[in-house]
Amino acid sequence: MPSTVRTLKLPSGEAVPVLGQGTWKMGEDRRHRADEVAALKLGLDLGITLIDTAEMYASGGAEEVVAEAVAGRRDETFLVSKVLPSNASRAGVKRACEASLKRLATDRIDLYLLHWPGSVPLSETVEAFEALKSQGKIRHWGVSNFDRDEMENLVSLPSGSNVQTNQVLYNLSRRGLEFDLAPWSRQRRIPLMAYSPVEQGALARNARLEAVAARHNATPAQIALAWVLMQDGVIAIPKAGRQEHVRQNAAALDIALTAEDLADLDRAFPPPTRKRGLEMI
C-alpha cells in the first residue's frame, strides 16, 4: 500500500489527491454493483478520496453507485461530476446539477465539469457555473476535453479564469497534448485530470512495458499509471471495479521510475514533435 497519497493544489488553493477513482462504465450492470461500491470504499480507506463521475455514465447510474459508496463519508470525499454539453445552457446546467445532486445524495458537488465543448456559448455555461457556486451547490468548476485554443478562449471570458481543471485523455499511448496543452496548463497552474491513464486496460497488456515492470516487480498497468502520476500538474483517475485493482492502483504511487525507465518508455512511446488534435474516447 502507498505510504502517502500525494496531493496537488487546484488554482483555488485546495489540495486534492493526484490519484483519484474513475467511475466510467460503473452502474451499467446491477450484478457488479456490490463489487463497484466495495472498490470505491476501499479506495477511500486508502486515501484515494477524489471520485470522478458524470451524469452521462450509465445515464446517472454511476452517480448512484458513488452515493452508496460515500454514504456516511461524504465530508472526506472530493466529488467530481460532469454536465453534458446538451445541458450546458443556464437553465440546463441548473436542472442537470440538481439531478446529479439527487443521485449523489449530497448537497454539493466539489468540482463540476463541462464534459466537452458544445454548441451552447461557453460564456453562458460559465455564468451558470458561477451561479451554482454562489448558491453553494458546487464548490468549484472546470472543463473536460478542451484543447489549448479552447482553454485560451475560456480564460478570456468573464470569470473564465476560475476554471480549476481540464479533464483529458492522457496516457503513454496518447501523449499529443504534451506539445502545447500541457505546458500551457502548467504555466497557468491549471491541473490536467487524466482519464483512461491505462488506455482502458490496453496498456496492461502492452509488451513494451514488461521490461520496465520487471525491474520494479510491478505490472505493466502499474508502470503506465506510475508514469502518469509522475507528470507535473496531473491527476490520474483510473477506474477500478474490483478491490484488488484498487490496491494495485494505489501501489503505483510508490513506484519511482528511474531515468533509464523513462528513456525506455520514451523510446517505446515517443513524445510528440508537432501539434496534434486533442484525442478523446
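Predicted model: local features only at pLDDT ≥ 70, side-chain atom pairs only at ≥ 80, totals over all residues.
Residue numbers start from 1 along each chain as its sequence is written. Local features need pLDDT of at least 70 and side-chain atom pairs count only at pLDDT 80 or more, while totals for chains, interfaces and linings use all residues; side-chain values use heavy atoms, with hydrogens and water left out.

**Stop 1: strand β9**

Select residues 192–195, strand β9. Helices (H or I, at least four residues) and strands (E, at least two) are DSSP runs, numbered from the N terminus. Leu192 and Ala194 point one way from β9, and Met193 and Tyr195 point the other way. All are buried (buried: under 20% relative accessible area; exposed: over 50%; partly exposed: in between; 1.4 Å probe, protein chains only).

Two strands pair if DSSP finds at least two bridges between them. Look for glutamine 167, which stands opposite methionine 193.

**Stop 2: strand β10**

Select residues 234–236, strand β10. Three bridges join β10 to β9, and the two run parallel. Alanine 236 is the bridge partner of alanine 194.

Isoleucine 235 lies in β10. It is buried, with a relative accessible area of 0%. Which residues does isoleucine 235 contact, leaving aside its neighbours within four places in sequence? They include Leu8, Val16, Val18 and Leu50, along with Pro191, Leu192, Met193 and Ala194. Contact means heavy atoms within 4.5 Å. Check proline 197 too: its C-alpha atom is 9.7 Å from that of isoleucine 235, though the residues are 38 apart along the chain.

**Stop 3: the nonpolar core**

The largest nonpolar core has 91 residues. Such a core is a set of buried Ala, Val, Leu, Ile, Met, Phe, Trp, Tyr and Cys residues joined through side-chain atoms within 4.5 Å. Select Tyr112, Met151, Leu154 and Ile223, which have the most contacts inside it. Helix α8 gives the most to this core, with seven residues.

Zoom in on methionine 151. Leaving aside neighbours within four places in sequence, its contacts include Val143, Phe146, Val163, Leu181 and Trp184.

**Stop 4: aromatic pairs**

The whole structure holds four aromatic pairs. Rings of Phe, Tyr and Trp (its six-membered ring) pair if their centres lie within 6.5 Å; planes under 30 degrees apart count as stacked, over 60 as edge-to-face and the rest as tilted.

Select tryptophan 24 and tyrosine 57. Their ring centres are 6.4 Å apart and their planes at 25°, so the pair is stacked. Tryptophan 24 is partly exposed at 24% relative accessibility. Tyrosine 57 is buried at 6%.

Next, select tyrosine 170 and tryptophan 227. This pair is tilted, with ring centres 5.5 Å apart and planes at 55°. Tyrosine 170 sits in the loop between β8 and α6 and tryptophan 227 in helix α8, 57 residues apart. Tyrosine 170 is buried at 3% relative accessibility, and tryptophan 227 is buried at 2%.

Then pick Tyr112, Phe129 and Trp141, which ring pairs link into a cluster.

**Stop 5: helix α9**

Finish with residues 243–251, helix α9. Its buried residues are Val246, Asn249 and Ala250. They cover an arc of only 100° around the axis, which puts them on the same side of α9. The arc is that of the directions from the helix axis to the C-beta atoms. Show β3 (21–22), α1 (33–45) and α8 (220–229), which are among the elements covering these residues.
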